Amino acid sequence: GYPDGTFKPEGLVTGAEFAKIVVTATGVGAAAEYAKGATKFTDVAADHWAAGYINVATDLGIIQGYGDGRFGPEDQVTYAQAITMIVRALGYEPAAQAKGGYPGGYLAIAAEKEITDGVTVLANVAANRGDIAIMVDNSLEVDMMVQDSYGDKPTWKEKEGETLLKKLGVDEIKGNVIKIARVDDKLEDNEIVVEREGEKDKTYELVTKDTPEALFGLAVKL
């Protein structure tokens with residue numbers, strides 16, 4: 001968001017801004033501070049505010065530039081470009097290339113993995129901030145593709161449970177809401193007790209707009 005407390009979902013995103021978004025989503029945003037300095041791109045100065053993010057994204061294979069030495073840090077990111085970088089961040093570059101490469105292969109992977117759910121994709125149109133937020137959010141729980149063999153004929157496979165959410169240090173917990181303040185006066189109004197199979201019941205404080213009453217008795221994922 002912006003310093004004035006707005007998000008501007010209809011606003012557009014530059015290449016530099018998207019580099020920060022995608023590097024942060026992969027859980028290595030802190031590395032950008034140490035990666036500041038000269039980049040491989042002729043149009044990204046060493047003192048550019050996003051140089052560290054661009055360097056990290058380049059090292060991760062997420063950013064490849066235009067092929068003529070430029071990155072276009074101030075260019076508006078299209079839906080196809082944003083989707084391509086998200087797909088690469090998830091490790092699906094080989095799968096996207098096998099489906100025809102840019103842009104069709106990446107768009108196909110994004111649709112298959114539900115990354116573009118809730119978004120109307122116009123490949124060569126500049127993507128707005130709201131849609132990018134949706135696509136990044138959709139990507140957080142996608143099982144990533146990892147290399148599982150090397151040599152002359154390397155192979156890749158999807159690794160169940162290996163997600164961007166996990167890389168961000170967020171645990172996923174499933175269980176049933178068995179207590180709220182109405183049935184247990186030891187609980188605060190915004191607290192719930194979740195029963196997890198094979199583990200001790202645990203109390204959680206709700207930070208979403210859901211109410212304990214609405215969740216009571218339901219199976220939930222935290």
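Leaving aside its neighbours within four places in sequence, F18 is in contact (heavy atoms within 4.5 Å) with V13, V77, A82, M85, I86 and I132. The model is predicted, so that local features need pLDDT of at least 70 and side-chain atom pairs count only at pLDDT 80 or more, while totals for chains, interfaces and linings use all residues. Residues are numbered from 1 along each chain as its sequence is written, and side-chain values use heavy atoms, with hydrogens and water left out.

**Exercise 1.** Determine which residues of helix α1 are buried, and what covers them.

*Solution.* Helices are DSSP runs of H or I with at least four residues, numbered from the N terminus, and buried means under 20% relative accessible area with a 1.4 Å probe, protein chains only. In α1, which spans residues 15–25, the buried residues are G15, A16, F18, A19, V22, V23 and A25. Their cover includes α3 (51–59), α4 (79–89), α7 (129–139) and α8 (164–167). Just after α1, G27 takes a positive phi of about 85 degrees.

**Exercise 2.** Describe the largest nonpolar core and name the residues that touch the most other members.

*Solution.* A nonpolar core is a set of buried Ala, Val, Leu, Ile, Met, Phe, Trp, Tyr and Cys residues joined through side-chain atoms within 4.5 Å. The largest one has 46 residues, of which F18, V87, L90, Y92, I115 and M135 touch the most other members. Two or more residues each come from α1, α3, α4, α5 (93–98), α6 (104–112), α7 and α8, and the largest share, seven residues, is that of α4. Apart from this core lies another of nine residues, among them V177, I180, V194 and V220.

**Exercise 3.** Find the aromatic pairs and classify their geometry.

*Solution.* Rings of Phe, Tyr and Trp (its six-membered ring) pair if their centres lie within 6.5 Å, and planes under 30 degrees apart count as stacked, over 60 as edge-to-face and the rest as tilted. The count by this rule is two. The ring centres of F41 and F71 are 5.5 Å apart with the planes at 35 degrees, so this pair is tilted. Because F41 lies in the loop between α2 (31–34) and α3, and F71 in the loop between α3 and α4, the pair ties together parts that are 30 residues apart in sequence. Both F41 and F71 are buried. Y102 and Y106 form a tilted pair, at 6.4 Å centre to centre and 55 degrees between the planes.

Notes. Buried < 20%, exposed > 50% of the residue type's maximum accessible area, 1.4 Å probe, protein only.
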